Amino acid sequence: MFSHGSESLIKQAREIQESELQKFYSRLVKLLQAKELSHETVDSLQRLHLILSATKYTRTLPPELQKRLLSLLSSPSEQLQVLGSAVLRETLPLSGQELNYNQENVSQLNSHAAALLLSQARSTADLSSLCAQLLRGLESRQSDGSAHSLTHTLPVLNTVLTHRPECLTEDHITLLSKKLVDWLRYASITQGGCASSGGFFTGPRSRQPVPIAELDGTVSGDFFTVLCVGQSFTDDQWMNVYSFSMLRHWLLTYHSVSNSNTTADTDDRSEVDGSVVSMVSATSSSSRLLPPKERLREKAFQYCQRLIEQSDRKAHKKADADLQKACLVEAVCILDCVCVEDASLVFRTFPCIKALFGRLSSDLSFARVLLPIAQFYLNHGEMAAVDCECVWRLVFARFPSELFNDQFLAHELLRFLRLNLESLQLRVPQYIRSFPNLLKLLAWDSPALMDDFVDLLPSLVTAGTAVELLHTLLDLPCLSATLVLQHRSAALPIAESSARGLLSLDAFRSPSFRGLFLFLLRGEAGSGDTIDRLNTLHELLAEAADWPRVVQCAQSVPVLLHIFFNTVITIADEKLLAHLILVMLERSSLLLNIPKYITETHRVFSCHLLKFCKLHPSLVVDQSHELLEFAGATANVYSKEEIYTHVVWVLGEYLSVSCDSRCSVKLITSCFEALEAVLFEITSSAPPPGAVCPAPRVVTTLMSALAKLASRSHDLIPRVSLFLSKLRTVTRGGSVAWCSDEDDLVAIVTRGEELWSLLKSPGVAQSVLTPPQHVMTPQWHRDTNVATPLRLRALTNLTQSQ
């Protein structure tokens, strides 16, 4: 939202009159004609940009003003370049006039002029023409004063490649590939400018070129790369750096260009360098016989191998060491790209990648470099027939368990998993077994990583992992608290006073409770479904219930549970669903004491319990003992209202011969007696101390379930009728202890009278309370083979007003 002052300025900009605007244009033209532009000019340009951008209409500026604004693009002041470009991007070009950089003035190009060029391109043809002009500028020999424009040309071409790659023709691809080869492989190996040894006779004649150095200070003995250092760089060395920065994007996207014109490649095959071929560099010379794209791949391969070699040198500065890591990431990604394009390079590349992995795998500070290496193994390990076990052990075991608090690594690891989900499921069995480890990332930083796990969780749900995964999701707040304790325990020595005062931290360090926390921190599935002493664990972590990280983690669990149940219902058989129902009943009372978390979890359990039973009604008979045990506990009425109500409903709805032939009169009677006892208890006395009155929905659901069961076993009808009649008699005396709201009491009595009236006619009660399946899902109004649709249409015509 804008502040009041900002809204006022925007309103003024939108309501400016045309006459006033023309005066403003004239005054701005005069200001721009001055030799030195003042602060008033800058303020006026800012105001003009606000006026133009605050309205949805695009304006056309006077020709003189537009000409002056165009001249600002070549101003030595970058502030004026920015303002000029921003204003012109909000306007339409004059009729028949477009901003156009030809062979002569392309040297004046900068990033702000380039942004304007791209914004004014109206079609693919315009962009293609712009690319042709820029590439002609690359092809021509640059003067000393204009060579810097090349550094702005590559970003423009990169932007075009990102948004409209079809604008680059095959000839453009060929030309730029050749230029990238030259910049990458044949940049100068001496420092820019001249170095002097000092002394009285120092002068231009006595200065000698100084070679480029490596990061460890030694003189470079090979071609220039981004990891070479010097006091200054030449233009072609800068182009080497810029070329490397866009190389991967170029390799990934130049395939989008139409291959209709392939003559350039065939003509280029005959291109041979005129210099004498050295026997030492026969491979390099023979690569000149390759088409431009293949030659670029070869030079990219050589460049990246040199970067990997340079990364083994000891850098003197921390910034240089960070640069080495960043360049290693990029180099491995580029090698992966060229190997995807040309499989023959895999066997040349793997020894280098394997050696790099062996060198870095023991140092987790290189974790962000090791992920691209894992990508390389995933893409090409099968072809090269190499053992990838050590790579996956590192990625799925050590990374999440030891670096769970590294936000950047967590983001990149989860991105790696999302991009390669199908391959990992098929080829990496460690992936699915590692969910206890991967969930540590979510437990530590739930808000930032929630979207990733929404996508990943379905892939972790299998028939073999479902039960343990459900327990793990329910224990996620406990895991979050344990990670916090682990982090504090490592950061705070026991002797420090700040490490005392937390009972949970003392418990974490205590050998007697160590097993509980180690189970939560396990790295792989399969060691057990859950903890035997969950109540003890929850007591130890009671003070963690209001820690912000734990609360945020608890908020994510209901969403993940919905995803889990929606996935498991598509793959599970009845046996697994029955097991999951038992877990839901058991864990409904074994959750970390965060009230909102418990309420939301019970709501999720209730929703999916209904789905399970609706899909497989026989589950109610299979699990009748456990369901009756849960429904027969009066305490659940007060502490688990949501799930208790739904358990009672499924018992009344699906405990029927029509749903399962195994449903006997004895089973119906035992269920009736258990529910009757609970209903009688909660309606004959006040709630326990500290508990609120039972929800009206619980009471009416119990009454309805009893009526349904009685309609299937008529011997039970007198017992229900007696209770309902007593209920009406008791409530005539006014308020009752078990219901504090008069309207709720009226609703309960009304429902009781309805059921009592139905049960007076047992046949009617059974058809209403337990209707047959074909009555529950009628299709008569859709079936054209019966007379009902015709009758409905006739009645509609009769009752409709003409």
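Helices here are DSSP runs of H or I with at least four residues, strands are runs of E with at least two, and both are numbered from the N terminus. With that in hand, hello everyone: the protein chain we are looking at has 41 helices and 0 strands.

A word on what this is. It is a predicted model, in which local features need a pLDDT of at least 70 and side-chain atom pairs count only at pLDDT 80 or more, while totals for chains, interfaces and linings use all residues. Residues are numbered from 1 along each chain as its sequence is written, and side-chain values use heavy atoms, with hydrogens and water left out.

How confident is the predictor? pLDDT is its confidence in each residue, from 0 to 100. The protein chain averages 83, and 85% of the residues score at least 70. By contact I mean heavy atoms within 4.5 Å.

Now the chain as a whole. I'll call a residue buried under 20% relative accessible area, exposed over 50%, and partly exposed in between, using a 1.4 Å probe and protein chains only. Of the 802 residues in the protein chain, 48% are buried. If we take contacts between residues at least 6 apart in sequence, 73% of them join residues at least 24 apart.

Let's go to helix 4, residues 63–72. Which of its residues are buried? They are Leu65, Gln66, Leu69 and Leu72. These residues span an arc of only 105° around the axis, which puts them on the same side of helix 4; the arc is taken from the directions from the helix axis to the C-beta atoms. On the face turned away from that buried side you find the exposed residues Pro63 and Lys67. And what do the buried residues of helix 4 pack against? Their partners are helix 2 (18–33), helix 3 (39–53) and helix 5 (78–89).

While we are at helix 5, please find Gln81, which sits in that helix. Gln81 counts as buried, at 12% relative accessibility. Its C-alpha is 8.9 Å from that of Ser71, a residue 10 places apart from Gln81 in sequence.

Next, a pair of helices. The axes of helix 16 (residues 367–384) and helix 18 (residues 407–419) come within 10 Å and cross at roughly 10°. Axes are lines fitted to C-alpha atoms, for helices over the stretch in contact, and angles run from 0 to 180 degrees between N-to-C directions. Helix 16 and helix 18 are therefore roughly parallel to each other; the cut-offs are under 35 degrees for roughly parallel, over 145 for roughly antiparallel, 65 to 115 for roughly perpendicular, and oblique for the rest.

Who meets whom? From helix 16 we have Ala367, Arg368, Leu371, Ala374, Gln375 and Leu378, and from helix 18 Phe408, Leu409, Glu412, Leu413 and Phe416. The residues of this contact divide into 8 nonpolar, 1 polar and 2 charged. Nonpolar covers Ala, Val, Leu, Ile, Met, Phe, Trp, Tyr, Cys and Pro, charged covers Asp, Glu, Lys and Arg, and polar covers the others, Gly among them.

Staying in this region, look at the loop between helix 16 and helix 17 (389–402), where Ala385 lies. Most residues other than glycine have a negative phi. Ala385 has a positive phi of about 55° although it is not a glycine. Is Ala385 buried or exposed? Ala385 is exposed, with a relative accessible area of 68%.

Compare that with Phe357 in helix 15 (residues 346–360). Phe357 is buried, at 7% relative accessible area. Leaving aside residues up to four places away in sequence, Phe357 touches Leu370, Ile373, Tyr377, Cys390, Val391 and Leu394.

Ser713 has its place in the loop between helix 36 (696–712) and helix 37 (717–731). Although in a loop, Ser713 counts as buried, at 7% relative accessibility. Its contacts, not counting residues up to four places away in sequence, are Val665 and Ile668.

Key. pLDDT = per-residue confidence, 0-100.
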